[in-house]
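Here is a short briefing for a first look. Keep the sequence and the model side by side as you read.

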Amino acid sequence: RCLLLCHPGPCPPCPQMVRSKCHCGRSAPTVRRCVMRNWSCGQACGRMLSCGHHACQQPCHSGECKPCPKQSVRPCRCGRQSQLRPCAESDWSCQTMCGRALDCSNPTCEKECHS
């Protein structure tokens with residue numbers, strides 16, 4: 001909402017001063033112009049990534065973090081095998097037949113690796 005009296009042309013940027021934190025919240029709030037209240041302190045973001053193992057190393061940013069760029073040893077869906085995999089791709093199949101005993105008329109599960 002423009003603070004000036006009725007005027008011709010577009011409204012100028014808001015001149016109000018506000019206290020605001022950076023995107024990651026690590027830096028102390030600073031006084032800034034209203035239009036520049038969203039800012040980056042430049043430090044590592046530090047939020048836990050969706051892999052649950054690594055913290056975001058990108059500079060302080062708004063929005064969601066990018067997928068984890070690191071790798072870790074991850075089990076397949078059935079848990080029989082583990083491999084060094086990209087953290088962002090944690091769900092994978094070892095492609096082996098399940099073979100678990102079933103309660104129905106089939107003696108064993110014939111599905112590929114599953115949980």
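Is D91 buried or exposed? D91 is exposed, because its relative accessible area is 56% and the exposed class starts over 50%. The model is a predicted one.

**The salt bridge**
- The structure holds one salt bridge.
- D91 pairs with R77 in a salt bridge, and their closest N and O atoms lie 3.0 Å apart.
- R77 counts as partly exposed, at 38% relative accessibility.

**K66 in its loop**
- Look for K66 in the loop between β2 (30-33) and β3.
- K66 is exposed, because its relative accessibility of 56% is over the 50% cut-off.
- Setting aside residues up to four places away in sequence, K66 touches L49 and Q58.
- H53 is 13 residues from K66 in sequence, and their C-alpha atoms are 14 Å apart in space.

**S20 in its strand**
- S20 belongs to strand β1, which spans residues 17-20.
- S20 is buried, because its relative accessible area is 10% and buried means under 20%.
- The S20 side chain reaches the backbone oxygen of R37 at 2.8 Å.
- R37 is also among the contacts of S20 beyond four places in sequence, together with P29, T30, R32 and W39.

Technical notes. Residues are numbered from 1 along each chain as its sequence is written. This is a predicted model: local features need pLDDT of at least 70, side-chain atom pairs count only at pLDDT 80 or more; totals for chains, interfaces and linings use all residues. Side-chain values use heavy atoms; hydrogens and water are left out. A salt bridge is a side-chain nitrogen of Lys or Arg within 4 Å of a carboxyl oxygen of Asp or Glu. Buried means under 20% relative accessible area, exposed over 50%, partly exposed in between (1.4 Å probe, protein chains only). Helices (H or I, at least four residues) and strands (E, at least two) are DSSP runs, numbered from the N terminus. Contact means heavy atoms within 4.5 Å. A polar contact is a pair of N or O atoms within 3.5 Å; within protein, one must be able to donate a hydrogen and the other to accept it, and residues adjacent in sequence count only if both atoms are side-chain atoms.
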